Amino acid sequence: MNTSVVTIDGPSGAGKGTVARNIAYELDFHLLDSGAIYRILGLAAIEQGIAFDDFGGLAALANSLELSFPYDKKHTDILLDGVPLGQKLRNQVVADAASKVAVNPSVRKALMDLQRRQAIEPGLVGDGRDLGTIVFPNADLKIFLDASVEVRAERRYLELIDSGQIVERSAILRDLEIRDIRDRTREVAPLVPAHDAYVIDSSEKTVAEVVMEVRGLCKAKCLV
Ligand code: C5P
């Protein structure tokens with residue numbers, strides 16, 4: 001029997017992470033924050049001085065990362081060499097680095113099996129850009145969570161301010177637009193809804209409303 005998988009893809013700031021966490025908690029499924037993997041790789045590339053156009057060097061780095069996934073409801077951070085990187089991953093420099101390393105086909109290939117191996121019983125909820133299209137094409141339920149770029153930028157701004165970072169609204173909006181274009185137009189695994197994904201626009205919805213909608217879809221798929 002195949003493990004149940006729910007994928008939540010979409011652009012940055014659409015609310016994927018929060019919704020994925022809530023749904024994983026409710027279903028008692030494991031959680032895969034695939035963006036964190038790309039962020040860890042982006043951060044490691046910066047720290048080790050590997051250029052973003054050094055495709056071979058980045059692929060070797062991706063293959064050498066010692067990542068572990070703690071499968072614990074309270075601790076959902078991915079660990080690098082046994083250490084959670086937490087807030088170190090949550091800034092604009094690392095986000096930008098993540099989307100730059102993510103255009104590399106060898107990097108994506110290197111990270112594919114790692115992501116697929118996280119689909120273990122009783123099930124997995126994963127969020128990212130290509131989980132429904134490429135990583136888990138046979139997922140039981142696929143969501144594509146979208147929102148207007150202005151709304152997403154405002155959410156990201158408040159999140160970063162909340163975590164004590166000094167950022168400018170206009171810079172966040174610009175970074176998001178640049179990252180959106182890079183994610184949507186890259187040759188490998190671009191950000192697009194899977195043909196069988198349910199598209200939800202969260203621009204005018206609260207997290208609770210989106211979670212309720214996704215919960216309903218999970219019920220319809222007999223995942224609850
Ligand atoms: O979701 P998050 O903002 O943490 O992702 C950071 C970057 O990682 C994205 O902008 C995207 O370029 C990349 N990413 C990806 N595929 C995924 C998840 C994230 O290419 N499945």
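Visitor: By class, how many nonpolar, polar and charged residues does the shell around the ligand have?

Guide: Welcome, and please keep in mind that this is a predicted model. The shell holds 15 residues. By class, it has three nonpolar, five polar and seven charged residues.

Visitor: What is the distance from a polar side-chain atom of D183 to an oxygen atom of the ligand?

Guide: For a polar contact, the two N or O atoms have to be within 3.5 Å. R39 has a polar side-chain atom 2.6 Å from an oxygen atom of the ligand. For D183, the distance to a ligand oxygen is 2.6 Å.

Visitor: How much of the area that the ligand exposes when taken alone does the protein bury?

Guide: Let's start with the place: the ligand sits in the largest pocket. Taken alone, the ligand exposes 450 Å². Of that area, the protein buries 97%.

Visitor: Which element gives the most to the shell around the ligand?

Guide: The elements giving two or more residues to this shell are α2 (34-48), α4 (92-101) and α8 (169-185). The top contribution is four residues, and it comes from α2.

Visitor: What is the radius of gyration of the chain?

Guide: The chain's secondary structure comes to nine helices and eight strands. For 224 residues the globule rule gives 17 Å, and the chain comes close to that, so it is as compact as a globular protein of that length. Its radius of gyration is 17 Å.

Visitor: Which peptide bond is cis, with omega near 5°?

Guide: Most peptide bonds are trans, and most residues other than glycine have a negative phi. D28, in the loop between α1 (16-27) and β2 (30-33), has a positive phi, near 65°. The cis bond is the one from E121 to P122.

How values were computed. Residues numbered from 1 in each chain as written. Predicted model: local features only at pLDDT ≥ 70, side-chain atom pairs only at ≥ 80, totals over all residues. Heavy atoms only, no water. Near = heavy atom within 4 Å. Polar contact = N/O pair within 3.5 Å; in protein donor to acceptor, adjacent residues only side chain to side chain. Areas by Shrake-Rupley, 256 points an atom, 1.4 Å probe, with all protein chains shown as cover. 1 Å grid on protein atoms, 1.4 Å probe; cavity = no way out; pocket = protein on both sides within 12 Å on 5 of 7 lines; lining within 4 Å. Sits in = over half its atoms within 2 Å of the grid points. Nonpolar A, V, L, I, M, F, W, Y, C, P; charged D, E, K, R; others polar. Rg over C-alpha atoms; globule rule 2.2 N^0.38 Å.
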